[in-house]
Amino acid sequence: MSVQGTGDGVSMEQAPLFAAPRVYVKLTPSERGPFFRHNHSPYVAEAANGDLLAVWFTTNEESGREMKLVASRLRWGQDEWDEASLFWDAPDRNMTGGALWLDETGKLHHICGLGAAGTWGTLVPVHRTSMDHGATWSKARILHPEHGVRTMPIPSLFRMSDGTLVFSCDAETGSTGGSMVWLSDDDGDSWYDSGGLIRGIHAPVVELADGRLLAYGRGDEVHGRMARSISSDKGRTWTYSESEFDPIGMGQRAVLRRLQEGVLFMASFADGMELRDRLGERRPVQGLFAAVSFDDGETWPYKRLVTTDADEGMWDGGAWTGEFRMDRSHAEPKGYLAMVQGQDGRIHLLSSRIHYCFNLAWVMEGTPGLDGSSDE
């Protein structure tokens with residue numbers, strides 16, 4: 001399928017693309033490290049040279065002081081991720097949460113949580129930068145001096161249209177309690193807490209065309225649906241409503257991003273949500289799906305289960321996901337999602353262990369029928 005003048009304000013000439021899923025967490029764990037058995041909570045960016053850089057924590061226990069950050073690189077033009085290597089180790093500190101972002105100058109930014117000791121309840125956000133595609137990094141700088149809550153970064157770091165830098169953090173340490181945003185008006189030299197509260201933890205944030213902020217969180221549901229939070233004052237106050245999406249829970253984290261094509265992209269997890277397939281049939285699906293909105297999140301007319309068109313058998317999602325079946329009605333049931341859109345337009349979606357790669361045309365093509373047939 002080629003998409004040309006879709007009627008939704010997008011003009012593309014792209015054939016749908018979905019690459020075979022790949023494992024990016026490639027390491028051998030041991031009791032004494034440097035790699036441990038629990039590998040989770042990724043974030044990803046594309047460097048200016050086209051490489052993908054993925055970072056996550058490795059640990060025995062998520063509250064542990066043995067936690068380290070490790071990384072892998074998918075080099076431009078290659079098909080396989082490098083073996084994992086140590087990315088950053090602050091000795092005896094918990095390092096939960098983080099974000100990577102490539103700015104307009106080609107500089108990579110890394111923000112992560114740095115604990116006073118163990119657990120993710122006593123973090124401060126710290127910031128490093130790289131001008132050589134992530135090969136070397138600046139000395140870490142503490143962005144807020146007080147260890148505590150409202151400081152666990154989520155992979156949602158971006159620049160607003162007025163130049164303000166934004167990243168979101170969990171506001172509490174439990175499964176409820178919401179999220180919030182940190183802001184910088186001076187290109188990252190200083191940061192301040194916006195003061196408001198998004199419904200749901202692990203909430204990704206995006207700027208809408210009119211300058212408002214939109215977020216979707218985990219937990220703190222509205223009428224049994226995933227909460228939709230909107231702020232017209234840069235996160236100082238938020239209004240809440242129910243979304244059309246299934247709520248998510250333990251072991252799950254959604255992503256939300258504006259694509260190069262101008263549309264909003266979201267990936268999350270379905271729990272029996274009905275999708276209309278390419279034959280026009282509505283049927284329930286389970287697991288990881290992608291969605292696209294052409295009206296800044298008011299509606300999400302295009303949704304697709306993130307699987308191949310053929311039955312793919314059993315997969316290991318790692319972390320809290322474990323083994324799962326991938327077929328036309330079932331996708332990965334859990335995972336902490338992270339994503340970046342490459343310079344070539346391809347969407348790179350990472351769960352806790354698996355890398356999915358596809359384009360906007362593939363999402364808009366829709367889910368195939370149960371027999372693999374389409375309307376073409």
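Is Tyr216 buried or exposed, and at what relative accessibility? In this predicted model, Tyr216 counts as buried because its relative accessibility is 2%, and buried means under 20% relative accessible area.

## Tyr216 and its partner

Tyr216 forms an aromatic pair with Phe245.

A second pair consists of Phe87 and Trp137, whose ring centres are 5.5 Å apart. Their planes stand at 80°, so this pair is edge-to-face; the angle required for that class is over 60 degrees. Phe87 is in strand 5 (residues 85-88), and Trp137 is in the loop between strand 8 (123-130) and strand 9 (141-142). These residues are 50 apart in the chain, and both are buried.

Phe87 has a further neighbour: Arg128 lies over the face of its ring, at 4.9 Å from the ring centre.

## Aromatic rings across the structure

The whole structure contains 13 aromatic pairs. Ring pairs also connect Phe18, Phe265, Phe358 and Trp362 into a cluster.

Another charged side chain is placed over a ring at Tyr240: the charged end of Arg199 sits 5.5 Å from the centre of that ring.

Notes: Residues numbered from 1 in each chain as written. Predicted model: local features only at pLDDT ≥ 70, side-chain atom pairs only at ≥ 80, totals over all residues. Heavy atoms only, no water. Phe/Tyr/Trp six-rings, centres within 6.5 Å; stacked < 30°, edge-to-face > 60°. Helix = DSSP H or I, 4+ residues; strand = E, 2+ residues; numbered from the N terminus. Buried < 20%, exposed > 50% of the residue type's maximum accessible area, 1.4 Å probe, protein only. Lys NZ or Arg CZ within 6 Å of the ring centre and 35° of its normal.
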